[in-house]
Amino acid sequence: MKKLFFVPFFLLTISCWNGPAVNHSYDFTTVGSIKINHVNDHTYMPGSGEIVETSLSHNFLKYGFDVNEDLPGASRVSIGTGNQALELSCIITEYTDSELIIVPYHFEDRGSTSTTIKQSAAASANTDKAETTSSSTTKTDGGAVSSGSKIDYTRARVAIMLKMRDIDSGTLVWANTFWYSSLELHRATDACVKNAVNQVRKLFK
């Protein structure tokens, strides 16, 4: 879908993420790998799970991590030399493509009519009577009719919930939510996932 808008980029994108929930008693230096679980599709967007899952692997790779995809239905990210393994799960809570909406409009001005009345009085020199005269002026505005259409749009929006748990103990060690809005769905998806991966990598600095 082509977008015919030329407006500043900062007006087209909006993002948000909250502070993560972190298990501060967990020793992240012992982690050797993260298994990325299969991501289910959003209810109204078939294929969205695979897109988000691929974006997760892609962004881990962009941040310098080794990514192994030899596991069926899952990827494994190498973190360090530790012996502990984490499991990263992702739920897509919103996955909405942008739309262009053409809204027709019709405006009719029926015009207006105004009348101005002027009166004057003058005394006669030969009688005690006064003469009164009046005049009126009428103005008519014929009005106008205008019609056309305007283009409105909705942003593409992607929202995800992520959590990581220790595979051996089942302990939940990290969780957060992210959302991103843009005019393009692929841009919203990549930016949303990139923000998430950026926060995850900070755990292992």
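Which side chain makes a polar contact of 2.9 Å with the side chain of D166? The partner is Q84, and the view of D166 below shows the setting.

**Before you look.** This is a predicted model, where local features need pLDDT of at least 70 and side-chain atom pairs count only at pLDDT 80 or more, while totals for chains, interfaces and linings use all residues. Residues are numbered from 1 along each chain as its sequence is written, and side-chain values use heavy atoms, with hydrogens and water left out.

**View 1. The whole protein, to get your bearings.** You'll find three helices and twelve strands here. Helices (H or I, at least four residues) and strands (E, at least two) are DSSP runs, numbered from the N terminus. Of the 205 residues, 31% count as buried; buried means under 20% relative accessible area, exposed means over 50%, and partly exposed is in between (1.4 Å probe, protein chains only). The protein exposes about 13200 Å², with carbon and sulfur atoms supplying 52% of that. Accessible areas come from the Shrake-Rupley method with a 1.4 Å probe, and for residues only the protein chains shown count as cover. Take the contacts between residues at least 6 apart in sequence: 73% of them join residues at least 24 apart. Contact here means heavy atoms within 4.5 Å.

View 2. D166 sits in strand β11, which covers residues 156-166. This residue is buried yet has no salt bridge, and the nearest side chain of opposite charge, R165, is 6.9 Å away. For charge, Lys and Arg count as positive and Asp and Glu as negative; His and the chain ends are not counted. A salt bridge is a side-chain nitrogen of Lys or Arg within 4 Å of a carboxyl oxygen of Asp or Glu. What D166 does have is polar contacts: its side chain meets the side chain of Y26 at 2.6 Å and that of Q84 at 2.9 Å. A polar contact is a pair of N or O atoms within 3.5 Å; within protein, one must be able to donate a hydrogen and the other to accept it, and residues adjacent in sequence count only if both atoms are side-chain atoms. Setting aside neighbours within four places in sequence, D166 touches Y26, Q84, A85, L86, T171 and V173.

**View 3. R165 and E87, a salt bridge between strands.** Side chains of opposite charge can pair when their charged atoms come close. R165 and E87 form a salt bridge, with their closest N and O atoms 2.7 Å apart. The two come from distant parts of the chain, R165 from strand β11 and E87 from strand β6, 78 residues apart. R165 is partly exposed because its relative accessible area is 32%, whereas E87 counts as buried because its value is 12%.

View 4. A search of the whole structure finds three salt bridges, and one of them joins E184 and R187 at 3.6 Å, N to O. E184 counts as partly exposed at 32%, and R187 is partly exposed at 37%.

**View 5. S89 in strand β6.** S89 belongs to strand β6, residues 84-96, and counts as buried because its relative accessibility is 19%. Beyond its neighbours within four places in sequence, S89 is in contact with N37, M161, L162 and K163. The C-alpha atoms of S89 and M164 are separated by 6.4 Å, though the two are 75 residues apart along the chain.

View 6. S147 lies in strand β10 and is exposed at 53% relative accessibility. Its C-alpha atom is 6.0 Å from that of F107, a residue 40 places away along the chain. I151 is also found in strand β10, residues 144-154, and counts as exposed at 55%. Together with L100 and I102, I151 makes a nonpolar surface patch of about 300 Å². Patches are made of residues with over 30% relative accessible area and no salt bridge: like charges are joined within 9 Å, nonpolar side chains (Val, Leu, Ile, Met, Phe, Trp, Tyr) within 5 Å.
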